[in-house]
Amino acid sequence: MKLSSFAPFFLTAGLYLSSECFRTEIIGGREVQPHSRPFMASIQYHGNHICGGVLIHPQWVLTAAHCYSWFPRSHAPMVVLGAHSLSKNEPTKQTIKIKRLIPFSRSPSGFTSHDIMLIKLHTAAELNNHVQLLQLRSKNYIRDGTKCQVTGWGATNPDLLKPSDTLQEATVRIISRKRCNSQSYYNRNPVITRDMICAGDAKGQKDSCQGDSGGPLVCKGVFHAIVSRGHKCGIANKPGIYTLLTKKYQSWIKSNLAPASAN
């Protein structure tokens, strides 16, 4: 089977495009307390949610690289911060133009193995109670079975592919790289590398899928990974695959956020 990217909600019109997909939604989650995840970003095009993201600096958002292929070249997407409901005109929202997109790999084929991208905002966000940063302080290793939270505005039903209007969150467990690569799981298709991690639910009832790409995986209060891909949604032996924030990626992020990269 071949991995392929899911189109954003406003293009799919409810059509399930592929059995292998980049994931973008929350399955088996619950609505979070409004504005309790002030680091969350919604990347939008013409007011439609495309991907999630994480505010890591007043002028920088971290997301998934495969979201890049969904951005029309003629019109730039926007980043919305301080949101809980996507449809309501909340006074807490800040809508900011995008200045630059910086994927880790410039090759589209590299998005599958290095599914991480920085977005530089045209102007810095105003930090307040509803818009805050999520710090990068992750370690490379997470113990098998660790409980983590994945957050996003993606669909809550894998058959309907309708985005959630309000921010949702699900608790998933880390699955070891060895087990995730085994025959009973992904059978090394794709290969879960040291730059990736799997997380899901033993019964497949809690998962990430279409609408959450680029959103955070937080374990015990630490930002460890971002939503990347998987096989369909909510399948017990096909858990979500996440880009792990390894030292390599953290060094790349810091080099781009350095004063020398200010322009």
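The chain exposes about 11,600 Å², of which carbon and sulfur atoms supply 50%. The model on display is predicted. Of its 263 residues, 55% count as buried. Among the contacts with a separation of 6 or more, 72% are made by residues 24 or more positions apart.

**Stop 1: the cysteines**

Select the cysteines next and display their side chains. How many disulfides does a search of the whole structure find? The search finds three. A disulfide is a covalent bond between the sulfur atoms of two cysteines.

Begin with C51 and C67, whose sulfur atoms lie 2.0 Å apart in a disulfide. The torsion about the S-S bond of C51 and C67 is about -100 degrees, and the disulfide is therefore left-handed. This pair links distant parts of the chain, 16 residues apart: C51 belongs to strand 5 (residues 48-57), while C67 sits in the loop between strand 6 (60-63) and strand 7 (78-81). Are C51 and C67 buried or exposed? Both C51 and C67 are buried.

Move on to C148 and C219, which also form a disulfide, with 2.0 Å between their sulfur atoms. The link of C148 and C219 is right-handed, with 100 degrees about the S-S bond. Because C148 lies in strand 10 (residues 147-152) and C219 in strand 14 (residues 216-219), the pair ties together parts that are 71 residues apart in sequence. C148 is buried, at a relative accessible area of 0%, and C219 is buried as well, at 2%.

Then select C180 and C198, joined by a disulfide with an S to S distance of 2.0 Å. For C180 and C198 the value about the S-S bond is -85 degrees, and the link is left-handed. C180 lies in helix 2 (residues 177-180) and C198 in strand 12 (residues 196-200), so this pair ties together parts 18 residues apart in sequence. The relative accessible area of C180 is 0%, and C180 is buried; C198 is also buried, with 1%.

**Stop 2**

Now centre the view on I56 and show its surroundings. Neighbours within four places in sequence aside, I56 is in contact with L62, L118, L133, L134, L136, F223, I253 and L257. In general, nonpolar side chains tend to be buried together in soluble globular proteins.

**Stop 2**

C67 leads back to the first stop, where it forms a disulfide with C51.

Conventions. Residues are numbered from 1 along each chain as its sequence is written. This is a predicted model: local features need pLDDT of at least 70, side-chain atom pairs count only at pLDDT 80 or more; totals for chains, interfaces and linings use all residues. Side-chain values use heavy atoms; hydrogens and water are left out. A disulfide is a pair of cysteine sulfur atoms within 2.5 Å. Helices (H or I, at least four residues) and strands (E, at least two) are DSSP runs, numbered from the N terminus. Buried means under 20% relative accessible area, exposed over 50%, partly exposed in between (1.4 Å probe, protein chains only). Contact means heavy atoms within 4.5 Å. Accessible areas come from the Shrake-Rupley method with a 1.4 Å probe; for residues, only the protein chains shown count as cover.
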